[in-house]
Amino acid sequence: MPAIDVNSVADDILNALKGSIGDLGPDELAIVRQQASDIATGFEAVAQDKLAGQITDVQAENEVKALADTGSAQLQIQLGLVELAAKSAVKTGLGALATAAATAVGLGWAGPVIQNVINGL
Amino acid sequence: MQLSSGRRSQLSRIVRFAAIVAIHPMLSGCGLLHAAADEAGIVWVQPPQSPVVLAGLKNIQTDNDTLTTALESSSPQCAYATNKAAFDKVATDISATKAAAAKFRYNDRTIAALNTLGSSLEHHRAAVSDGGNNCFPKNGLEAQKKAFDNVLTQAIAFEQKKRSGN
């Protein structure tokens, strides 16, 4: 059983990213949509491992950091965003993810973990 | 001072370009900027395609695949201690590719993405090493590999789009 509704969370992240990046053409929007989906899917994998007791909070935090970095790298290489702008966009996306996790069953650990990642970006 | 209509027209296109730059402070390489630069007669400086950078990006991908396969094997082959050298190899690939990219001016986009990819690798390393001799779960390994591959695939495509000249 999935820990989160990946599609719904991806929509939340997409809206947050769009708000952070600003005007986007159709091609750019497709790139950002893919990023939102990748972050949600990646987090879902981390959440499954955590729920199964296979990783600790610290390991989960490092994995979310790794995902945040690859998300930023994608925005840098595909949209040409500078580092600060890419990280700022990913931060807003993670904020949406934290909000979604806060209401999901079994993800009480995720809010502080994601907040730590946001604070470190 | 009187400007000819041609000069006035070029001036207005340059002003339009400046306005687009001003309203897109976060974008350094989007199509809108390129189009406006072309219209204004501004030569858009782009670094040339580099076979060394391309080969470096492909090396990163290959060595990261090898690392992931090793981490997915059973204990004790999956342990961090056994795979530290493989992590180091991917980190070295990233540094070498970044150095190759830095030999060209205006290669900021590729260098920035490689920097962030290096940071991602180190966070992944921290997560795996924290597990000691335990195998890291496959869900996390596959998610990280997919995210890593996506960046590299895009970086390779971006490099291939550059004009050849080296």
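**Figure 1. Close-up of the salt bridge between B:Asp88 and B:Lys84 in the predicted model.** B:Lys84 is partly exposed, its relative accessible area being 39%, and B:Asp88 likewise counts as partly exposed, at 27% relative accessibility. The side chains of these two residues meet with an N to O distance of 2.7 Å. Both B:Asp88 and B:Lys84 belong to helix 4 of chain B, where they are four residues apart, about one turn of the helix. The pair is also part of a network of salt bridges in which B:Lys84, B:Asp88, B:Glu122 and B:Arg125 are linked.

**Figure 2. Close-up of the salt bridge between B:Asp63 and B:Lys89.** In this pair the side chains meet at 2.9 Å, taken from N to O.

**Figure 3. Close-up of the salt bridge between A:Asp38 and B:Lys146.** This contact is one of the 12 salt bridges that the structure holds over all chains, and the closest N and O atoms of A:Asp38 and B:Lys146 are 3.3 Å apart. A:Asp38 lies in helix 2 (residues 26-51) of chain A, while B:Lys146 lies in helix 6 (residues 138-161) of chain B, so the pair joins two chains. A:Asp38 counts as buried because its relative accessibility is 12%, which is under the 20% cut-off. B:Lys146, at 41% relative accessibility, counts as partly exposed.

**Figure 4. Close-up of the largest nonpolar core, with A:Ile13 among its members.** The core comprises 72 residues, of which A:Ile13, A:Phe43, A:Leu75, A:Leu94, A:Leu107 and A:Ile114 touch the most other members. Helix 4 (residues 83-102) of chain A gives the most to this core, contributing 10 residues. When residues up to four places away in sequence are not counted, A:Ile13 touches A:Ala36, A:Ile39, A:Ala40, A:Gly93, A:Ala96 and A:Leu97. As general background, nonpolar side chains in soluble globular proteins tend to be buried together.

Terms used
Residues are numbered from 1 along each chain as its sequence is written. Chains are lettered from A and ligands numbered from 1 in the order in which they are written. This is a predicted model: local features need pLDDT of at least 70, side-chain atom pairs count only at pLDDT 80 or more; totals for chains, interfaces and linings use all residues. Side-chain values use heavy atoms; hydrogens and water are left out. A nonpolar core is a set of buried Ala, Val, Leu, Ile, Met, Phe, Trp, Tyr and Cys residues joined through side-chain atoms within 4.5 Å. Buried means under 20% relative accessible area, exposed over 50%, partly exposed in between (1.4 Å probe, protein chains only). Contact means heavy atoms within 4.5 Å. A salt bridge is a side-chain nitrogen of Lys or Arg within 4 Å of a carboxyl oxygen of Asp or Glu.
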